[in-house]
Amino acid sequence: MNQSNLSLPSGCILRKATSADQWSIRLLVFSAKLDPTQLNWQQFWVIECDENLIACGQLRNFSGAQELGSLVVASAWRGRSLGSLLTQHLINTATQPLYLECLGQRLVQFYSCFDFVPISFEDLPQFPKTIGLSTLKDKFRFSQLAKRLLKVPVVFMEYRGRTNS
Ligand SMILES: CC(C)(COP(=O)(O)OP(=O)(O)OC[C@H]1O[C@@H](n2cnc3c(N)ncnc32)[C@H](O)[C@@H]1OP(=O)(O)O)[C@@H](O)C(=O)NCCC(=O)NCCS
């Protein structure tokens with residue numbers, strides 16, 4: 001699905017994050033109980049409305065791959081397509097094969113609308129190591145462990161649209 005027909009509510013803008021956004025980003029991510037690591041503001045895109053940061057999402061860089069992560073819409077703004085808009089924007093911005101991990105079937109359905117498909121941990125590709133970057137599989141290994149030992153309903157997904165073809 002291409003969500004390019006979606007539009008922002010009036011007064012809202014989608015832009016790259018700046019260093020001034022880093023605490024607002026942390027607040028959004030912590031409030032949604034998402035992974036609090038690797039929150040480099042340089043990797044984030046944000047939606048701002050009347051000078052308030054109301055949504056964020058990032059592309060984490062790994063060896064040969066990127067992860068769409070930290071997608072949060074402030075609760076008062078949910079259900080108005082901001083999450084879809086940001087997801088589509090991050091997909092369009094990605095330059096490497098794109099992956100994500102999410103919790104539960106509702107999110108799996110949400111991301112399926114954007115041509116992400118579930119992929120098992122074993123089938124995740126092991127991309128060649130790039131100096132200075134860790135591998136996506138190493139990061140997902142922790143979640144895989146939680147899935148196996150604690151039955152956390154983590155699902156890994158691979159983008160099968162333009163970027164990976
Ligand atoms: C998931 C999230 C970003 C969606 O943002 P949004 O702006 O409400 O999304 P949109 O309006 O574009 O689309 C609505 C769809 O989002 C999904 N969604 C909405 N709330 C959700 C929730 N609490 N959990 C999972 N999926 C949700 C549903 O698929 C929904 O469609 P539906 O109403 O037909 O069920 C938002 O609910 C959020 O910030 N959740 C908390 C953080 C989170 O779980 N992020 C994903 C990390 S992988």
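Trainee: How do the residues of the shell around the ligand divide into nonpolar, polar and charged?

Mentor: This is a predicted model, in which local features need pLDDT of at least 70, side-chain atom pairs count only at pLDDT 80 or more, and totals for chains, interfaces and linings use all residues. Residues are numbered from 1 along each chain as its sequence is written. Ala, Val, Leu, Ile, Met, Phe, Trp, Tyr, Cys and Pro count as nonpolar, Asp, Glu, Lys and Arg as charged, and the others, Gly among them, as polar. The shell divides into nine nonpolar, five polar and three charged residues.

Trainee: Which element gives the most residues to the shell around the ligand?

Mentor: The shell has 17 residues, with Ala-32, Arg-78, Gly-83, Ser-84 and Phe-110 nearest (C-beta, placed from the backbone, within 6 Å of the ligand). Strand E4 (65-73), helix H2 (82-93) and helix H3 (105-112) each give two or more; helices (H or I, at least four residues) and strands (E, at least two) are DSSP runs, numbered from the N terminus. The most, four residues, come from H3.

Trainee: Where does H4 bend?

Mentor: Helix H4 covers residues 136-150 and reaches 21 Å from its first C-alpha to its last, close to the 21 Å expected at 1.5 Å a residue (1.5 Å times one less than its number of residues). The bend, the angle between axes fitted to the seven residues ending at a residue and the seven starting there, is about 25° and falls at Phe-142.

Trainee: Which residue just after H4 takes a positive phi?

Mentor: H4 ends at residue 150. The positive phi, about 60°, belongs to Lys-151.
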